[in-house]
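Let's take a friendly walk through a protein model. Have the sequence and the 3D view ready as you read.

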Amino acid sequence: MPPRITVLGTGYLGATHAVCLAELGFQVLGLDTNEAQVSALAAGRLPFHEPDLEELLRGGLRSGRLRFTTSYGEAASFGDVHFICVGTPQRADSDAADLTHLLACVEALAPLLTRPCLVVGKSTVPVGTSEIVSERLARLSPAGPAAELAWNPEFLREGHAVADTMRPDRIVVGVRSARAEAILREVYAGPAAAGVPFLVTGLPTAELVKVAANAFLATKVSFINAMAEVCEAVGADIVPLAQALSHDERIGGRFLVPGLGFGGGCLPKDIRAFGAAARELGVGSVSTLLGEVDAINLRRRARMVDLALELAGGSLEGRAVGVLGCSFKPNSDDIRDSPALDVAGTVHGLGARVTVYDPAALGKARQVHPELEYADSMLAAATDADVLLLLTEWREFTEADPDVLGKAVAQRNIADGRSVLDAGRWRAAGWRYRALGRPASADSISLAT
Ligand code: UGA
């Protein structure tokens, strides 16, 4: 019999994991303490925007392989493998990760584990957390050592969650026994047979792989944005600079796109938590490095506000600013730590009348920033604007027609926070075009691709 699986925590990671494992043929029970979330999922509704996932959710429910519950008792008696997928946000009082949900989950589950099973941590955690979790499991579970812990980090990206789960770049499992390895090989037999590398490590290494990957990605983004700062100081152009670097295969072009920098529910809080953990471990170099990565990233937001001020002629008081994009990245409705919303809020604070349009995130943005105005189309956000700010690179914006938008705005001023528009085309259409890390006028020669 294939192992029966529970997924504890049905947020982004958990819902995706539960749906995809059911799609791979397993019997899956998803658990969350949030009743509204469980009801929505059980009714086939996803509480967030993610391509393809809702259809798979409905298919899983129809097949009878996927169910949801709020009962830990039901989960404990059902599951042979329990995946912990609860959130580990940043603590309110420090940079460190908040393990409250994770430990509450373990403390609710462990006393109910009366037979052999594998508990698998998937949440992103500071290295060393698995030690704390396994100590609680051993202390609280009636099954004793037969309720074993493993760690299996998740690398999915929002907007690509299904593909990243069904065909990840790699599967990493941190285990303490051959039995735990065998169980996880059975769970991931499908992707492994399709050629996905399957790496077996100890638990601390598995915990570290995830935070190291996110730290590297964040560092890459901040590296190119630090180069943008140099470009601004000397009048060079970051776009051809990044393009030239990307042709070196050792460097590569992914996560080397200059602009407003990274946000979302993962990279910012993960580098802060990693920095805090490294400091506690006495590895000051990592915490200094990641502190600078964070600072460079946040400076891009301030610099974007400077560009808005410059285009508005030195003051934003009473000026109309149209904001294109407020999700933290395109193809997502997630606004957690969104650089775009941060800039929109600051510009509003400087006295501007800010009107935001986003193809997916307006509902969520309205709840958090009721002081901003919201439009239901790009054209409506641009109408009568003194300055337009492109802050999230949705395709609708990257393909915008400068002549059409030019007729709507009060003044043809645009700041491109993601360096995605053709500067020459917009300038030729009569726009003052500014972008982070790019010269104020067209003095750069475009490179052949
Ligand atoms: C990120 C990682 O990419 C996933 O591997 C990881 O599993 C996930 O965090 C997580 O920890 O759960 P995600 O937050 O969905 O995934 O988004 P990314 O596509 O990585 O983008 C992160 C941010 O970096 C976005 O704000 C994006 O706009 C920004 N970015 C990305 C840049 O500013 N420049 C780039 O060149 C690339």
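## A pair of strands

In which sense do strand β10 and β11 pair, and over how many bridges? Strand β10 (residues 353-357) pairs with β11 in the parallel sense, over 2 bridges. Within this pair, Thr355 stands opposite Glu373 of β11. Strands here are DSSP runs of E with at least two residues, and helices are runs of H or I with at least four residues, numbered from the N terminus. Two strands pair if DSSP finds at least two bridges between them.

## About the model

This is a predicted model: local features need pLDDT of at least 70, side-chain atom pairs count only at pLDDT 80 or more, and totals for chains, interfaces and linings use all residues. Residues are numbered from 1 along each chain as its sequence is written, and side-chain values use heavy atoms, leaving out hydrogens and water.

## The sheet around the pair

Zooming out, 6 strands form an open sheet with parallel pairing, in the order β11-β10-β9-β12-β13-β14. Its edge strands, β11 (373-374) and β14 (432-435), each pair on one side only.

## A buried valine

Now look at Val81, which lies in strand β4 (residues 81-84). Val81 counts as buried because its relative accessibility is 1%; buried means under 20% relative accessible area, exposed over 50%, and partly exposed in between (1.4 Å probe, protein chains only).

Val81 and Ile5 are 76 residues apart in sequence, yet 5.0 Å apart in space, C-alpha to C-alpha. Leaving out residues up to four places away in sequence, Val81 touches several residues, including Ile5, Leu118 and Ile183 (contact means heavy atoms within 4.5 Å).
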